[in-house]
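Please look over the sequence and the structure shown here before reading the report that follows.

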Amino acid sequence: MAQTRQAVDSSLDLENAFLDNREWEYTANQRSRWLPAGAQELVNNHPFARRALEKNPRFPGIVPPEALFCWTESDFATYINSGGFVKPKLQCQYYISPENPQTIVDLLEPILSSMNWVCSVDSNVGRDEDLAPVTDYMGMPVPRLKKQDDGQVEVVRPMNKLAPIFIWEAARNMIDHGPTLRYKGLVNRLKGINMFTKIGMLELVRERCIERDIPISFPPPWYPLTFTLPDDLEQWKRHAENAPHKKWIYKPTGEAMGRGIILVSKISDVDTKERPFRSRCKDVEVFDPKEPPLRERDFASRGVIQEYLVNPMLLENRKFAIRIYLLIARVKPLLCFHYNCGYIKRCGEHYDENKFRREDLFRHITNQEFQKKQDEFTESTAAELMSIEALDAYLRENCGIPAFRLNFWQQVKSICTEICLGMKDILHQLAKFGSFEVFGLDVIVDADQTVYMLEANRDPSWVCDTAVKKAIIPGMVREMLELVFWSHSDDGRGKEAMLCSPMRGFEVLIDDAFDFQAVDVE
């Protein structure tokens, strides 16, 4: 009897020590370094947690929020039924699409791993909240038998699919975003947005002009006159006929790296009775990387024709464009930033407005991947990217322009704000909390220092192959993720980004939670 009493007392002592020491908790080095806002409430109300707690109301602790992303129903039941004594593995997963270039993988992985997450390559994800129909007496889900129409018996096992806490896609969506966004995980894609295509940007700008101006004034001062082909073909022809001095540049809607661009000097370059526009169109699904860069090009079935700016600001007699970055860090409420660093991309050949034929593309297309197809370009000074600070110094010393950078960024902020406002309604309708995206914007400056928006890139180049890119891109990616983590966490809930966010190189454009807008564009 005494031995029995001692055994009982010993068990009670162990149990009390277990509770007093909170040994049901996971240690700090087992926990995720980031969790979405309201994650604890979400896990407390999860059907898996509620059913297990009903079976074991004496459970002494709380279910860790990470369970939303890394526990099956059996894991919930095991942890709660054991009073926290049996601890299922608590490690969230992140997914980086295999279509991403290795450069962005190398930038993301150290940051995501520091969150105590592990990489997953499994694209078969899911997060069903339906409870298993059959459990044992302890509430553990068990397989069940299901009779098929043909009389065969199937063993149906409890669902064990999980959802990554973080997804980074490439050109195509390779994984279902729904399970991750259901629990406020993070996905680098904005649903409903297509402004990264040439036609999509044109539509956004047009809609923005309709919203803000009565009567409608298109194009705005920061966007070249642009038409959709073939939809606006006749309208463009009428305009070109009335302004025969203008030059034009054709761009297929979904292409990048200078592919499919055609220089247009006159209407007959696009459409004639003998050779109508439709007969000149040919879609190419996969471009040959070894295709000669100056070979004759076909029009695509969908694209834009844009007024060519014949008076660009020149750098050492070469045309240049500037790459900047726009971050939609959060969609509900909307939070947008622009990055205060960028770099200059130059053409390999000297600019000449009067040389505007196919063989002159290297004078007019600033894309570096296209320029690299030119013999000896990589060995020339034109291949050296330049920071905006260096451009500012060059213009001050060689052109007598005293405050280029200040004027440039003021215009960029206005343009980026217009773009964000143009996306606002569709993001409110379709995008979910947890969605974010960074865009690479290409702008050009004319001889009067007016900045024009050219295009947006959904997957901007992450290659750090020059000193300038190495100085910009890694730091930008790290700060971008810090802002995204902050804005979707309890740390950022109810706090003003201008005052509390971990921004350094980024600058707030719009913070809808506090009715903040950096530039009044109305």
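Predicted model: local features only at pLDDT ≥ 70, side-chain atom pairs only at ≥ 80, totals over all residues.

Residues are numbered from 1 along each chain as its sequence is written, and side-chain values use heavy atoms, with hydrogens and water left out.

**The whole chain**

The secondary structure of the protein chain comes to 15 helices and 19 strands, where helices (H or I, at least four residues) and strands (E, at least two) are DSSP runs numbered from the N terminus. Taken along the principal axes, the C-alpha atoms of the protein chain fill a box of roughly 110 × 65 × 50 Å. Of the 522 residues in the protein chain, 50% are buried; buried means under 20% relative accessible area, exposed over 50%, and partly exposed in between, with a 1.4 Å probe and protein chains only. Among contacts (heavy atoms within 4.5 Å) between residues at least 6 apart in sequence, 69% join residues at least 24 apart.

**Strands and their partners**

An open sheet is formed by 4 strands in the order β2-β1-β5-β6, with parallel pairing; two strands pair if DSSP finds at least two bridges between them. The edge strands, each pairing on one side only, are β2 (118-120) and β6 (186-187). Helix α6 (residues 102-113) packs on this sheet and touches β1 (93-96), β2 and β5, its direction making about 170° with that of β1; such angles run from 0 to 180 degrees between N-to-C directions, and the axes are lines fitted to C-alpha atoms, for helices over the stretch in contact.

| Strand | Partner | Sense | Bridges |
|---|---|---|---|
| β5 (residues 166-168) | β6 | parallel | 2 bridges |
| β16 (residues 437-445) | β17 | antiparallel | 6 bridges |

Across from V187 in β6 stands I167, while D442 stands opposite E455 in β17. The hairpin of β16 and β17 has 5 residues between the strands, and there Q449 takes a positive phi near 70°. Strand β17 (residues 451-457) is mostly covered, with 7 of its 7 residues buried.

**Helix packing**

Two packed helices are described by the angle between their axes and the distance between the axes. For helix α3 (residues 47-55) and helix α5 (residues 73-81), the angle is about 30° and the axes lie 9 Å apart. On the α3 side the residues F48, A49, R51, A52, L53 and K55 take part, and they meet E73, F76, A77, I80 and N81 in α5.

In helix α9 (residues 233-242), the buried residues are L233, W236, K237 and A240. Because they cover an arc of only 100° around the axis, they are on the same side of α9; the arc is that of the directions from the helix axis to the C-beta atoms. R238 and N242 are exposed on the other side of α9. The buried residues of α9 pack against β7 (226-229), β8 (248-252), β9 (262-264) and β10 (303-307).

D232 has its place in the loop between β7 and α9. D232 is buried, with a relative accessible area of 12%, and, not counting residues up to four places away in sequence, D232 touches R206 and F227.
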